Amino acid sequence: MGLENTEGEATMTLTDQQVAQFRNEGVLVAEGVATEGDLAPLTAELEAWVDEKARALHAEGAITDLAEGADFGDRIAKLYAQSPRITEGLDVMFSRGPALFAFLRNGNVLDAVQSLLETPEITCSPIQHLRAKAPASATGEGASFFNVPWHQDQAVTWEEANDSNIITCWLALVDATVENGCMEVIPGVFKNGLLEHKPGEGGPSIPTAAFGPDALPRAVPVKRGGFVFMHRCTPHRSTPNFTHSARWSLDLRYQPTGQPTGRPFHPEFVARSEAHPETVLTDHGVWSRRWVEALEASKGAKVHRV
Ligand SMILES: O=C(O)CCC(=O)C(=O)O
């Protein structure tokens with residue numbers, strides 16, 4: 001990364017070596033893709049969301065301490081310990097903030113994604129989540145939205161997306177460490193395609209025996225602003241957070257425009273296009289409205305294939 005484009009501006013294009021590693025292992029940790037300047041508006045928006053929610057919970061007596069003055073990771077952990085309701089509605093499709101929508105088209109992020117997709121025709125998949133993983137003392141250690149069991153992301157799409165080149169782009173919004181429950185991956189296994197998943201708590205999961213004796217899990221810590229990029233058939237999971245602070249992250253997915261997303265009932269949008277720049281969605285109101293309508297219309301839809 002850190003190349004220059006023809007105008008001499010810095011770009012976040014991945015190096016050939018990074019792309020080769022992704023092709024070989026099905027996983028790539030890339031530090032420093034999003035800069036502090038990229039992340040600051042998003043962090044401020046999330047802090048404001050937490051503050052408003054905390055005040056509402058305080059007003060109804062669900063919490064007693066607003067934990068004002070605590071930092072981004074600590075505050076939501078302190079609030080979650082008083083009421084897990086603090087994270088209700090805290091996800092991309094529910095909070096739908098303008099800074100979050102702008103971040104989905106962030107140039108540095110899309111430059112890195114373009115290096116892996118090898119096309120500037122990029123669609124942002126509706127399979128995307130914002131997670132503030134609270135300490136295990138409050139969440140428990142069992143499988144959940146926070147402690148996600150072993151799975152491949154292809155298993156969380158419908159079959160229509162089997163041949164879609166969907167890349168999972170997992171962004172650390174605070175430093176993700178082994179202690180606070182960073183991602184774990186199994187490199188190389190993506191070459192065997194989709195493994196059998198069973199439904200369960202925390203979504204579809206693969207029994208570990210299915211990986212074979214040579215498959216070695218690798219923890220992939222990454223600093224705030226760095227990404228873990230994963231092939232759609234790379235098995236991954238996340239473990240409980242054994243710190244006192246929350247592990248904030250965004251898991252996004254991008255794919256070449258025109259390929260099925262595997263969630264036809266949720267709204268995708270064109271995030272970058274050289275061929276048809278007029279198709280790029282830049283209107284936050286339209287994006288937000290599409291989510292509201294889709295969530296209403298798709299109530300009860302089968303989201304995962306198992
Ligand atoms: O962030 C996590 O803990 C889990 C994310 C995940 O499993 C995914 O992005 O598919």
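User: Where does R96 lie, and what is its phi?

Analyst: Helices (H or I, at least four residues) and strands (E, at least two) are DSSP runs, numbered from the N terminus. On that scheme, R96 lies in the loop between α4 (92–95) and α5 (98–103). Its phi is near 50 degrees, a positive value in a residue other than glycine. This is a predicted model, with residues numbered from 1 along each chain as its sequence is written. Local features need pLDDT of at least 70 and side-chain atom pairs pLDDT 80 or more, totals for chains, interfaces and linings use all residues, and side-chain values use heavy atoms, with hydrogens and water left out.

User: Which loop holds E118, and is E118 buried or exposed?

Analyst: Buried means under 20% relative accessible area, exposed over 50%, and partly exposed in between (1.4 Å probe, protein chains only). E118 counts as exposed, at 63% relative accessibility. The residue sits in the loop between α6 (107–117) and β4. Phi of E118 is also positive, near 60 degrees, in a residue other than glycine.

User: What does E160 touch beyond its sequence neighbours?

Analyst: Contact means heavy atoms within 4.5 Å. Leaving out residues up to four places away in sequence, E160 touches P260, T261, G262, R263 and P264. E160 and R263 are 103 residues apart along the chain, and their C-alpha atoms are separated by 8.7 Å. E160 itself belongs to the loop between α7 (136–139) and β6. With a relative accessible area of 35%, E160 is partly exposed.

User: Which strands pair with β11, and in what sense?

Analyst: Two strands pair if DSSP finds at least two bridges between them. Strand β4 (residues 122–124) pairs with β11 in the antiparallel sense over three bridges, and C124 stands opposite Y254 in β11. Strand β5 (residues 129–133) is likewise antiparallel to β11, over five bridges. Strand β6 (residues 167–172) runs antiparallel to β11 and is joined to it by six bridges.

User: How many residues of strand β11 are buried?

Analyst: Ten of the ten residues of β11 (residues 247–256) are buried, so the strand is largely enclosed by the rest of the structure.

User: Which residues of helix α3 are buried, and what covers them?

Analyst: The buried residues of α3 are F72, G73, D74, R75, I76, A77, L79 and Y80. Their cover includes α2 (36–59), β5, α7 and β11. Eight of the eleven residues of α3 (residues 72–82) are buried, so this helix is largely enclosed by the rest of the structure.

User: How many helices and strands are in the chain, and how compact is it?

Analyst: The chain has eight helices and twelve strands. Its radius of gyration is 19 Å, close to the 19 Å that the globule rule gives for 306 residues, so the chain is as compact as a globular protein of that length. The radius is taken over C-alpha atoms, and the rule is 2.2 Å times the number of residues to the power 0.38. Along the principal axes, the C-alpha atoms fill a box of roughly 50 × 50 × 40 Å.

User: What share of the chain counts as buried, and what share of contacts is between residues 24 or more positions apart?

Analyst: Of the 306 residues, 54% count as buried. Residues 24 or more positions apart account for 82% of the contacts with a separation of 6 or more.
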